[in-house]
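Student: I have the sequence and the model open side by side. Could you walk me through how to read them?

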Amino acid sequence: MIFKKRKRAVAVRFVVQRVNKASVSVGERTIGSIQNGFVVLVGVCDTDTYEIADKMIHKLLHLRIFSDENGKTNLDIKNVNGELLIISQFTLYADCRKGNRPSFINAGAPEFANEIYEYILRKCAEEIPHVAHGSFRSHMSVSLINDGPFTIVMDSDQIC
């Protein structure tokens, strides 16, 4: 049997972690913190669009991964008055296929990636009262208490 080599799809990527609390710091200064909600690591590539970002945001804000009164994951972030901590992370595009040093060639150009990241922040803030964020192109320390643990990887090529 012959298998065709599948070309790797490149897409907006979210890593979503349900948390009890989380914070992000640059140096010794905490620049964002949340209680009960999601930490969202965001990767952007050059082929992304605002339309793709909108679809990803919609899916993120409607993920039913909070427990209801019966312990079933039935509630979304709005139902629980949850908060968001959104952090840009180009390393989500690490390509480790060759050698031991990852390539980040699939990550979006910084200016474009920041534009999409800022757009995601604005759109989320339209629907969620508390949206904290990291600092684009900064070395950050992220601290979190993962609730569950519950972690989901979302790629726009699977959602859009």
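Student: Let's start with one residue. Is Ala53 buried or exposed?

Tutor: The general idea is that buried means under 20% relative accessible area, exposed means over 50%, and partly exposed is in between, using a 1.4 Å probe and protein chains only. Ala53 counts as buried because its relative accessibility is 0%. Ala53 sits in helix α1 (residues 50-62), and its C-alpha atom is 8.9 Å from that of Tyr117, which is 64 residues away along the chain. Before we go on, this is a predicted model: local features need pLDDT of at least 70 and side-chain atom pairs count only at pLDDT 80 or more, while totals for chains, interfaces and linings use all residues. Residues are numbered from 1 along each chain as its sequence is written, and side-chain values use heavy atoms, with hydrogens and water left out.

Student: What does the side chain of Ser25 make a polar contact with?

Tutor: A polar contact is a pair of N or O atoms within 3.5 Å; within protein, one must be able to donate a hydrogen and the other to accept it, and residues adjacent in sequence count only if both atoms are side-chain atoms. Here the partner is the side chain of Thr30, at 3.4 Å.

Student: Why is β1 described as largely enclosed by the rest of the structure?

Tutor: Eleven of its 14 residues are buried, so β1 is largely enclosed.

Student: How do I read strand pairing, and which strands pair with β1?

Tutor: Two strands pair if DSSP finds at least two bridges between them. β1 pairs with β2 in the antiparallel sense over 13 bridges. Within that pairing, Ser23 has Ser33 of β2 as its bridge partner, and Gln17 stands opposite Val39 in β2. The hairpin of β1 and β2 has two residues between the strands, and Gly27 there takes a positive phi near 65°.

Student: Which strand pairs with β2 in the parallel sense?

Tutor: That's β5, over six bridges. Val39 is bridged to Leu85 of β5, and Leu41 to Ile87. β5 also runs parallel to strand β6 (residues 131-133), joined by three bridges, with Leu84 opposite Val131 of β6.

Student: Which way do the β5 side chains point?

Tutor: In a regular strand the side chains alternate between the two faces of the sheet. In β5, Glu83, Leu85 and Ile87 point one way, Leu84, Ile86 and Ser88 the other, and all are buried.

Student: And what is the handedness of the unit made by β5, α2 and β6?

Tutor: A crossover is right-handed if, with the strands pointing away from the viewer, the path from the first strand over the helix to the second runs clockwise. β5, α2 and β6 make a right-handed β-α-β unit.

Student: Last one: how do I read the largest pocket?

Tutor: On a 1 Å grid over the protein atoms alone, a pocket is an open set of points where a 1.4 Å probe fits, with protein on both sides within 12 Å along at least five of seven lines; lining residues have an atom within 4 Å of a point. The lining here has 20 residues, with Ser88, Gln89, Phe90, Thr91 and Arg137 nearest the centre. Elements giving two or more residues to this lining are β2 (29-43), β5 (83-88) and α2 (110-125). β2 gives the most, with three residues.

Note on methods. Helices (H or I, at least four residues) and strands (E, at least two) are DSSP runs, numbered from the N terminus.
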